[in-house]
Amino acid sequence: MDDLITREYRSVSGIAGPLLFVERLKQASLGERVEIMAPNGEARRGQVIELSEQHAVIQVLEETTGLGVTGTRVRLTESAATMDLSPDLLGRRFSGVAVPLDGLPPIIPDVRMDIIGQPMNPVSRDKPSHFIQTGISTIDALNTLVRGQKLPIFSGAGLPAKEVAAQIVRQAKVREGDSPPSSRGLSPSHGPFTIVFAAMGITFREASFFLSEFDRGGVMEHAVLFLNLADDPTIERLLTPRYALTAAEYLAFTLGRQVLVILTDMAAYCEALRQIATAREEIPGRRGYPGYMYSDLASIYERAGRIKGRAGSITQLPIVTMPDDDMTHPIPDLTGYITEGQIVLSRELHRKGIFPPIDVLPCLSRLMNLGIGPGKTREDHRSVADQLYAFYAHGRDIRRLAAIVGEDGLSEADRLFLKFSQDFEQDFVNQGSQNREMEETLDLGWKFLGYQPKERLTRVKPELIEKYYGQDVKREPLNGKPD
Amino acid sequence: MSGTIVKISGPTVVARGMEQVRMFNRVAVGRTGLLGEVIRLRGPEATIQVYEDTTGLRLDEEVTDAAEPLHVELGPGLLGAIFDGVQRPLNLLATQRGDWIGRGVLLPALSRVRRWTFTPTVRPGTAVVGGTCVGVVQETPKVEHRILIPPGISGTLGKIQAGSYTIEEPIGWLNGDRPLTLLQRWPVRRPRPVAERLPPIVPFITGQRVFDMLFPIASGGTVIVPGGFGTGKTVVEQTLAKYARADIIIYVGCGERGNEMTEVLTDFPQLKDPTTGMPLMERTILVINTSNMPVAARETSIYTGITMAEYYRDMGYAVAFMADSTSRWAEATREISARLEEMPGEEGYPTYLATKLAGFYERSGRVRCLGETDREGSVTIVSAISPPGGDFSEPVTQGSMQIAGGLWALDSDLAHRRHFPAINWKRSFSLYTQSLDPWFQAQVAPDWPQLRIELAALLQKEEELQEIVQLVGIDAVQDQERILLEISRLIREEYLRQNVYSDVDAACPLAKQYWMLKAQLRFLEYCQGMLKNGHPIEQLLASSLRSELERMKETPPDGCIQQAQVMIEKMQQELR
Ligand SMILES: Nc1ncnc2c1ncn2[C@@H]1O[C@H](COP(=O)(O)OP(=O)(O)OP(=O)(O)O)[C@@H](O)[C@H]1O
Ligand SMILES: [Mg+2]
């Protein structure tokens, strides 16, 4: 018999993949969290994802091994998945569903928030406008990151996405004098950024790499970690970014911190999504991924930004491994359609030993323009970026041409472009672990613009050419004042 | 009348006991009264599409019929407003509910307390029909809101009086007892009727050289803008919303980014309308349903927007309707169709996708308005499309291409090399070119079509030569051909490329478009002539004429035109 007082049900009628079908579960509400007792008494968690007169469909967040049609009990909790939040989150390590992993007691909540989150009202959003210096020239000069932006790293198996992400975490800083107000005794003494790290399906080795990098960079006490590793339950992964972003929203919009969220690897998240869709026998979309994957990913990526009248911000750096290095694969494709640009790693540059192996042509930062220019970075920033792009794109064409007709078939001018593109990769893109200031990066850009005669700099205003061309000393500091 | 919920699946709910309800009626779902619309009836069961997040909803909760279809509100106060997909005013929602969008809030689109000064333009006793203008309200300093008799109604005007009214107070009476108000309602999915459709003969001027010169669109036409992510669809939509010549702009952010809309919201109130000099926001209505807002409301947002567009068209205005992106709308349709367990067609889209797309695009047009013989209005649709993987063979691009009069195809390769607008000139087309030529000839220059043909031929020639160079190297081609390649590249880089972030060049008037191109094409002739006369190619490539042409677009229109004329004169003299 179902026990109506504790709201416990034994009417499981079927199990398929990670789904549990329960009859007569009429009291449940959509999205409600449930507890599932296996016949051997073990407790698991689940969530109601569909309701009808015949049955309720429950998505089981852990393994379904050991569950059966008989002997399994389902208990309603009367609440959707929520998260307990307080400033004590900082420095803590949790599982993919926010269970403490560090041996410390659970958070005593100041507030409790629904992890699904509501969409931000577009009119309440504040325009992102502060650039983040990452110390990486290809990003800072050509694809500037801005606070409140979502900028994924598109990587391929074996490419150093995690090294690039870790370098950004270590080096990221805002160059304007508006670090967040300290609230409730928390002083953001360690750089302006608070890190929220969500691991989904990555290996223990990769996770350890990040943890030791955070340690090395001294960011650990200003970080909150959520770890769902490769051998943790797959379906749990669907909630991991949502717990992480709920924490991020609290830190940013309640505590006023500048939060940098690393989500890795979104490809593993999408696999979990596909698994659920298959179990529900949904009509598959492209390459078997569900038709609503765009909306689902948007419900994660759109939780970045700033809000008028609030001090904090959420900047997202998701890592997306492109299956087969294919940028048109639905995972990177739909990501690119939602995020505000992308940083793309290249196997070719990686093979040449260039680090970071960022191929600037397919890269983009859509918010770049909001964060650069006079008073923010430097007056020549836009022009330097445009002109470097034009030269490099042309240089790459010439390289392709040279591969066919040989260097001898090139004109004098074209040979110069060829040399430009090679040197640009070796000295501008390739910077190893160097941390470059924005001025350094822009000056280096001018060095490369110097490969061509002045007249060819058609994307730079004559005044700027006059001021910067062919000089190699450091000129004005950023914002017109010493740093 | 009300029924009870028997099934909940994402944004769709099935309720029983709904025998009396009508298709597309508005309903309130559950204890919190979520906004829904009836989209299928089967015996006593109604399937409802819910416009808000259904989390927390339970079986057996009540569904109440509002006994009327889902409506769009029409009247003064629309301009400058920002709505979600079901026309809830987002500013008011933020004031009431805070920074995150709450649920179960039913807010009227237009203010019930704001007063408007109404001035009648007809006398009592006049015979009126649907579409007759009975008076005006100055909605913004530049836009006169014409109050029309709603379609389908006619009779004799009774009392009608100037004064200050809220949108619900009667401004007059029809046939003695029927009140006329500033507020009208129109079912969200039904096109508004017109007297007659007119042929496309006036261009929709965009201020973008590649569009106006190579692929011009008619006012009242439809153009689709497909392209992979980051190729510049949104920038095209926003640039046109800023600089295109139109009286009213309706911008629908359909399933796209929040931060993008923030840019519009902060920029538009500061930017000036190029023709009237008033803040852009005063000619604009925004409908915003971002990708993370409820998917059913995304499906409706396009209809909400186009209905408002038709309403202003009916007043005799040229309306530009910008949809970013139609693909997200089609995907919302697909998602709902899947929940209804309808038979899927290609790529999971419902089999009626093409019909539905056609139904939307067909709402564009240049028309003679209802009610008066000489009032003309138009709705021009600019529809961004986001093909998966940038592959145009997918159903939404294909379905749209069959109906649209123009295609501005965006290209990832051009975007990667920062050639913007990243228009692939081989793939793009306009079916309006011929019918618009007379206008350009009369208004700009008689040889406007000639320049377009020359430009297209040059681009074609360049491509053929490129193929040869790829095989044999540049050293192996003749100087005549080398110079053609160089100047063709100059035209691509300096004419077809147009940077929206440039102060001067973001929008380019037609006369400047004409003179710039003319000077550049004449430069090619000049160089070819000089080569024949024995001048070395290096000297021509290093000439100051070339550098001048390369920087021309950054010169303000008047100066640029003068400069072009002087250059053309000079080149002709030298050649003689
Ligand atoms: N005319 C232009 N001038 C300068 N830059 C441009 C222009 N058009 C596009 N861009 C650049 O390309 C970027 C991407 O453009 P946009 O956001 O419009 O792409 P999209 O096609 O809408 O992509 P998505 O489908 O992902 O929304 C812009 O952020 C801008 O940097
Ligand atoms: Mg876009």
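## Close-up views of a predicted two-chain model

**View 1. Glu331(B) sits in helix α6 (residues 326–339) of chain B.** As in every view here, the model is predicted. With a relative accessibility of 8%, Glu331(B) falls under the 20% limit and therefore counts as buried. Setting aside residues up to four places away in sequence, Glu331(B) touches Tyr294(A), Arg298(B) and Tyr349(B). Look for Tyr294(A) in this view: this contact of Glu331(B) belongs to chain A.

**View 2. Glu256(B) and Arg257(B) form a salt bridge, with 3.6 Å between the closest N and O atoms.** Are these two partners buried or exposed? Glu256(B) is buried, because its relative accessibility is 6%, and Arg257(B) is buried too, at 3%.

**View 3. In chain B, a salt bridge links Glu463(B) to Lys426(B), at 3.1 Å from N to O.** Glu463(B) belongs to helix α11 (residues 448–472), whereas Lys426(B) is in the loop between α9 (412–416) and β26 (429–430), so the pair ties together parts of chain B that are 37 residues apart in sequence. Glu463(B) is partly exposed, at 27% relative accessibility, while Lys426(B) reaches 54% and counts as exposed. Elsewhere in chain B, salt bridges with shared partners join Glu256(B), Arg257(B), Glu260(B), Arg328(B) and Glu331(B) into one network.

**View 4. Arg303(A) and Glu249(A) meet in a salt bridge whose closest N and O atoms are 2.9 Å apart.** Arg303(A) lies in the loop between α6 (293–301) and β19 (305–307) of chain A, and Glu249(A) in helix α4 (residues 240–254) of chain A, so this pair ties together parts that are 54 residues apart in sequence. Both Arg303(A) and Glu249(A) are buried. Over all chains, a search of the whole structure finds 76 salt bridges.

**View 5. Strand β22 (residues 318–324) of chain B is mostly covered, with six of its seven residues buried.** Which strands pair with β22(B)? One is strand β20 (residues 248–254) of chain B, which pairs with β22(B) in the parallel sense over six bridges. Here Ile248(B) stands opposite Val319(B) of β22(B). Another is strand β24 (residues 376–385) of chain B, also running parallel to β22(B) and joined to it by six bridges. On that side, Met322(B) has Val382(B) in β24(B) as its bridge partner.

**View 6. Strand β9 (residues 116–120) of chain B pairs antiparallel with strand β14 (residues 163–165) of chain B over three bridges.** Three bridges also join β9(B) to strand β11 (residues 133–138) of chain B, again in the antiparallel sense. Phe118(B) is a handy landmark: Gly163(B) of β14(B) stands opposite Phe118(B), and Val137(B) is the bridge partner of Phe118(B) in β11(B).

**View 7. An open sheet of three strands in chain A has the order β13-β12-β15, with antiparallel pairing.** Its edge strands, β13 (145–146) and β15 (173–174) of chain A, each pair on one side only. Two bridges join strand β12 (residues 131–133) of chain A to β13(A), where Val146(A) is the bridge partner of Phe131(A).

**View 8. Met23(B), Phe24(B) and Leu41(B) make a nonpolar surface patch of about 230 Å².** Leu41(B) is found in strand β4 (residues 34–42) of chain B and is partly exposed, because its relative accessibility is 34%.

Methods: Residues numbered from 1 in each chain as written. Chains lettered and ligands numbered in written order. Predicted model: local features only at pLDDT ≥ 70, side-chain atom pairs only at ≥ 80, totals over all residues. Heavy atoms only, no water. Pairing = 2+ DSSP bridges. Helix = DSSP H or I, 4+ residues; strand = E, 2+ residues; numbered from the N terminus. Patch = residues over 30% accessible without salt bridge, like charges linked within 9 Å, V, L, I, M, F, W, Y side chains within 5 Å. Areas by Shrake-Rupley, 256 points an atom, 1.4 Å probe, with all protein chains shown as cover. Salt bridge = Lys/Arg side-chain N within 4 Å of Asp/Glu carboxyl O. Buried < 20%, exposed > 50% of the residue type's maximum accessible area, 1.4 Å probe, protein only. Contact = heavy atoms within 4.5 Å.
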